[in-house]
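Me: I would like to learn how to read strand pairing, cores and ring contacts in a model. Can we take them one at a time?

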Amino acid sequence: MPREFQGKIELDVRDSVADWEAFLPTKPPKDAPNVLVVLYDDTGMAAWSPYGGRINMPTMDRLAENGLTYSQWHTTALCSPTRSTFLTGRNHHLNGFATISESSTGFPGYNSHIPDSNVTMAHLLRDAGWSTFWVGKNHNVPIDEWTAGASKKHWPLAQGYDRFYGFIGGETNNWFPSLAEDNHYIDQPYLPEQGYHLSKDLADQALKMIRDVKQTEPDKPWYLWFCPGANHAPHHAPQEYIDKYKGAFDDGYESYREWVLERMKEKGIVPSDTALTPLNPMPEGTFAPTDEVLPWDTLSDEQRAMFSRMAEVYAGFSEYTDAQVGRIIDYLEESGQLDNTLVIYCADNGASGEGSPNGSVNEGKIFGGYPDSLEENLRLVDRLGSPDTYNHYPTGWAAAFSTPYKMFKRYTYQGGVADPLVIHWPAGIRAKGEVRHQYHHSVDIVPTILEACGVGFPDTYNGVEQTPLSGVSMVGSFDAAPDGPTNKKTQYYEMFGQRGIWHEGWKAVTVHGPVSGKGDFPGDEWELYHTDVDRAEAHNLAAEHPDKLEELKALWLEEAKANKVLPLNDLQVLGNPKDFETFIKMEFHQPAPPSGQFVYYPGTSEIPERSAANVHGGSYKIAAEIEFTPETQGVIFAHGSRFGGHALVVKDGEIHYVYNFLGIPPEDRVSAPVPMSGKHIIGVEFVKEGTGDYREPKGPVRLYIDDQQVGEKHIRTVLGHFSLCGEGLTIGRDSADPVSSLYGYGFDFTGGEISKVVFDIADDVYLDLEAHLAAAYARD
């Protein structure tokens, strides 16, 4: 921080002495390194080539050959929680990130608001003289801060970053992303037909930020957190990268597991006696049915071809993104910066099993509480990876890419928490091309960077006493023996109700799958593994060492209380309508105005779905006040995308209300001729009269012009959400991927005027009554 003024002040400036140094930023230590953290999503240890996997990662291979590959580095098993540990160096519950931002609830460990007592590393590095940049995925803004009018306290700039370019939320369409820059939402700079892909755009922006620093402050170090959308669904990639893998996965996921385990042993990633765990290792009833794996030999030829193609798309997506990272590495080498750049290349959790046993061509169905159908998937198999799909591979590939471990993302078994990590820093690491077996965790990344940069950790920051770092530095492992001791002693795990704890080479874990709806936590069976000799957690030693198990169970509870882990939540949001509705009610809800009416205007920012009028689950009314002319056309409002949403559109002399049910054709449309020029009210009314097999509301939707009904159709509407994030409500335009096939990108409203659009949800939508009352008082 700048020091106190040491000049001299007299009445006359001629007799005074200036002291510029008192006002200039702190200079970093001599020869301070740059820091580049590349954090992928949803990638198991057995996917990538540095670990023996079939997905070629030339840039990561290059860094591994001249750096270190870690075989026992771990994460929290989920995106937002792991990313929060990269922000602060504290355990995820201490950050309020027991789960993702989109499913946060009002408990200390679950609310997704990082407290002031957990200062971010970016603040410390910026104060110490670094430029700080965040490019790509941001999954750590609380859901109540996503709107344009909300507080920006937890957006990147307020968390210590000089610049931000990326997306807010857990995922986005890689062809039509929902983008934000610094503190506001923006449109993508160009379209897929012009060569756009999110991974390329992010690399372009990262290079620009670094070059901006180097051309004006060439000696100033920088810290860049580069977080691509890969490998999270939707899996989108240029066709030439997908085609690279044609036939590469035709042998199936069970064969892949056997093949890749041998490669992992050859590379020294796992011990030579490491066992392969079962494909479906958990007893029936202890995990969610959607996490089951279908044996390869039970699949039809069509299913096998589709499943193989889904893996090919995933692989192409991963390698294409690695190529974009390669552009950054190439620039660093050309500009002489690479040797003194600490590069940390890793992933945030295990491979994702969220695609269900059959995979998906529209992952949004998960958030709509609606199952995939094999027929729908097969219809689009040739379009996988393109803008026409929002695809995710089946659980079998999640198990394969997490070889040799049990399960995958969301599980606190190794399959969910063991992840790839390569560290490259020629100026600070003598060893090259070596494997490190020390046990570490994502909370250890911040202490590692701070030590490497020579930056201390404060007891207080901005007058707030700081929670101590949860992690330990990994710097001691840089030039240690590969099998040298780790300086880490204990790490607890908890995710969606599954619990685990590692302590001095032993691990205990509950046979209680995440989001399983099982409950009865006191009755959980615990397993015990000696991970120093059983890396795969294949041999349960609970019966042989009951005292050790009891010791670890007690230690887990101690850690849970210290880290704000309770209460445990394993609500089964898929396949259990009661749990799904309970969960929806626990989510953040934008308090409705006392009238139940939300009023929106043209020329405003996109409204994120969780903060927009909630048209899901019940009846609703919409009224748009429009001045028409003979030239009127375009989108009056749109919410969602081609994978689910609704819109009111004027085209070719007609008004159309379109409801797109989770991208399943055909679209439901109610249409009528455009009224005469002048001011008119266009109304839409949906009346919930019943529900379908998956509690999706059903009933008539009616279209009105002024007080006259001009059309009606019986439709079904989405119970949950149109999407996990992004694709919000827009007035006078559709923000990105169009909701309806009636129009294309950029079909803005023209030739008239939209005064306002009113959504009325007063009659039939869940409201938090206490919050509703508070909102009423605030407005009055």
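Me: Which residue stands opposite Ala624 in β29?
Reply: This is a predicted model, so keep that in mind throughout. To read a pairing, pick a residue and look across to the neighbouring strand. Ala624 faces Val757 in β29. The strands β19 and β29 (residues 753-760) are antiparallel and share 7 bridges.

Me: With which strand does β19 pair over 9 bridges?
Reply: With β24 (residues 678-686), again in the antiparallel sense. Here Ile626 has His680 as its bridge partner.

Me: Which side chains of β19 are buried?
Reply: Read along the strand and note the face each side chain takes. In β19 (residues 620-628) the faces alternate. Tyr620, Ile622, Ala624, Ile626 and Phe628 point to one face and are buried.

Me: Now the open sheet. In what order do its strands come?
Reply: The order is β14-β15-β16-β17, with antiparallel pairing. At the edges are β14 (490-495) and β17 (526-529), each pairing on one side only. From one strand to the next, the twist averages 10 degrees.

Me: Which helix packs on that sheet?
Reply: Helix α13 (residues 546-562) does, touching β14, β15 (498-503), β16 and β17. The direction of α13 makes about 110 degrees with that of β15.

Me: How many bridges join β16 to β17?
Reply: There are 4 between β16 (residues 506-510) and its antiparallel partner β17.

Me: Next, charges over rings. Which ring lies under the charged end of Arg499?
Reply: Look for a charged end above the face of a ring. For Arg499 that ring belongs to Trp556, with the charged end 5.2 Å from the ring centre. Likewise, the charged end of Lys507 sits over the ring of Tyr493, 5.1 Å from its centre.

Me: Let us turn to cores. What is the general idea?
Reply: In soluble globular proteins, nonpolar side chains tend to be buried together.

Me: Which residues touch the most other members of the largest nonpolar core?
Reply: Leu36, Ile55, Phe226, Tyr345, Trp397 and Phe401 do, in a core of 88 residues. Helix α7 (residues 301-334) gives the largest share, 13 residues. A second, separate core has 61 residues, among them Leu87, Phe97, Val119 and Ile429.

Me: What does Ile55 touch?
Reply: Leave out residues up to four places away in sequence. The contacts of Ile55 then include Trp48, Tyr245, Phe249, Tyr314 and Phe401.

Me: How many aromatic pairs does the structure hold?
Reply: It holds 41. To classify a pair, take the centre distance and the angle between planes.

Me: Why does the pair of Tyr314 and Phe401 count as stacked?
Reply: The ring centres are 5.3 Å apart and the planes lie at 20 degrees, so the pair is stacked. Tyr314 is in helix α7 and Phe401 in helix α10 (residues 395-401), so the pair ties together parts 87 residues apart in sequence. Tyr314 is buried at 1% relative accessibility, and Phe401 is buried at 0%.

Me: What are the distance and angle for the pair of Tyr439 and Trp502?
Reply: They are 3.8 Å centre to centre and 5 degrees between the planes, a stacked pair. Tyr439 lies in the loop between β10 (434-436) and β11 (440-441) and Trp502 in strand β15, so parts 63 residues apart in sequence are tied together. Tyr439 and Trp502 are both buried.

Key
Residues are numbered from 1 along each chain as its sequence is written. This is a predicted model: local features need pLDDT of at least 70, side-chain atom pairs count only at pLDDT 80 or more; totals for chains, interfaces and linings use all residues. Side-chain values use heavy atoms; hydrogens and water are left out. Two strands pair if DSSP finds at least two bridges between them. Helices (H or I, at least four residues) and strands (E, at least two) are DSSP runs, numbered from the N terminus. Axes are lines fitted to C-alpha atoms, for helices over the stretch in contact, and angles run from 0 to 180 degrees between N-to-C directions. Contact means heavy atoms within 4.5 Å. Buried means under 20% relative accessible area, exposed over 50%, partly exposed in between (1.4 Å probe, protein chains only). A nonpolar core is a set of buried Ala, Val, Leu, Ile, Met, Phe, Trp, Tyr and Cys residues joined through side-chain atoms within 4.5 Å. Rings of Phe, Tyr and Trp (its six-membered ring) pair if their centres lie within 6.5 Å; planes under 30 degrees apart count as stacked, over 60 as edge-to-face and the rest as tilted. A charge sits over a ring if NZ of Lys or CZ of Arg is within 6 Å of the ring centre and within 35 degrees of the ring normal.
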